[in-house]
Amino acid sequence: MPEGNEIHRWAERHAAAFAGKAVRVDGPQGRFTDSEMLDGRKLVRVMAVGKHLGYDFGKDRILHVHLGLQGDFTEGSGPLPAVKGALRLRMWNAAAAKKPAAPGESKRHGWYSEDDGTGHIAPELVAWVELRGPMDCTVYTQEQWEKLLKRLGPDPLNGDAPDEFVAKVHKSKKPIGALLMDQAIAAGIGNIYRAELLFRARLSPFIAGKDVAEETLRAIWKDALPLMKAGMVDRRIVTTLPKDRPSGKGKVLKEEAHYVYRHHGKPCFVCGTKVMKKDMAGRNLYWCPTCQPE
DNA sequence: GCCTTATGCTCAC
DNA sequence: TGAGCCTAAGGCT
């Protein structure tokens, strides 16, 4: 259940584990039949744009992964765990166990398989990831990947400038709370960052895009980069400043990680007003009516 | 155990 | 605007 920050984090981790090496790719239970197109090939790099991942196995072989609401990775090292639950895809690096292809075995690579029963694999040298529940897991052509990039707006985590974001917001009559969720306007921002960025800017979610001051939009963009980059603590987004957390410094309590996200009915950390909740753009929007006046 | 919910997005109406 | 996707976790019984 990721926003852009976690997608970029996965891209970095997976690149560190697999890029530049031949990678085993498997779709257990027939859930990813295109794995054969990738299995044993060298992973050139891992790309992250907005909430999309692209595993570049060479031209016209880009594995596109979008986690959607439910998708998630698990990672580890050592022997591959047994297939459990609805596993869509797994990748692992068994380069350390390379051997000459035996008769009847694929000649393209010739890695020991985790289940070939030979026991010759070097478990301590195997890194693996499992993917389950993604919204998309398909092999893209270069053209498809570029088409995807075209419809995405600028991504703060890729160092994109805010100009396009500002221009698009200023063209719209829709409320800023809806625009921040639009991936064509800003790629990578999701429901937590929408709520928290607006709170930190003390901006009402209901103000029309065209009416938001340019400097406010630029400030939001500037705030988003470090917040999304450093916003993960134990795979959790943290947006509160230490001075605003009721319990003070030290470990960030679960209930103090956000200002308004899922805080409806509870007092705002800053002013004590009850945090509100309302559906906007099909998702739950949270805000403080006092800190973020219309 | 069952029910609800979730950091997302697409499609049909 | 609403249903559907499809999985896991957490709260409830």
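**Loops and a sheet, read from the model**

Biologist: Where does Ala281 lie?

Modeller: Ala281 sits in the loop between strand E9 (276-280) and strand E10 (283-287). Bear in mind that this is a predicted model.

Biologist: What is the phi of Ala281?

Modeller: The phi of Ala281 is near 55°, a positive value in a residue other than glycine. Arg202 belongs to the loop between helix H6 (191-200) and helix H7 (214-230).

Biologist: Why does Arg202 count as partly exposed?

Modeller: Buried means under 20% relative accessible area and exposed means over 50%. Arg202 has 35% relative accessibility, so it counts as partly exposed.

Biologist: Happy with that! On to the sheet: what makes E2 and E8 edge strands?

Modeller: Four strands form an open sheet in the order E2-E3-E4-E8, with antiparallel pairing. Strand E2 (45-49) and strand E8 (136-140) each pair on one side only, and they are the edge strands. From one strand to the next, the twist averages 20°.

Biologist: How do you know that strand E3 and strand E4 pair?

Modeller: Two strands pair if there are at least two bridges between them. Strand E3 (residues 52-56) and strand E4 (residues 62-66) have five bridges, in the antiparallel sense, so they pair. For Tyr55, the bridge partner in E4 is Leu63.

Biologist: Which strands does helix H1 touch?

Modeller: Helix H1 (residues 4-18) packs on the sheet and touches E2 and E3. Helix H3 (residues 142-151) lies across E2, E3, E4 and E8, at about 125° to E8.

Conventions. Residues numbered from 1 in each chain as written. Chains lettered and ligands numbered in written order. Predicted model: local features only at pLDDT ≥ 70, side-chain atom pairs only at ≥ 80, totals over all residues. Heavy atoms only, no water. Helix = DSSP H or I, 4+ residues; strand = E, 2+ residues; numbered from the N terminus. Buried < 20%, exposed > 50% of the residue type's maximum accessible area, 1.4 Å probe, protein only. Axes fitted to C-alpha atoms, helices over the stretch in contact; angles between N-to-C directions. Contact = heavy atoms within 4.5 Å.
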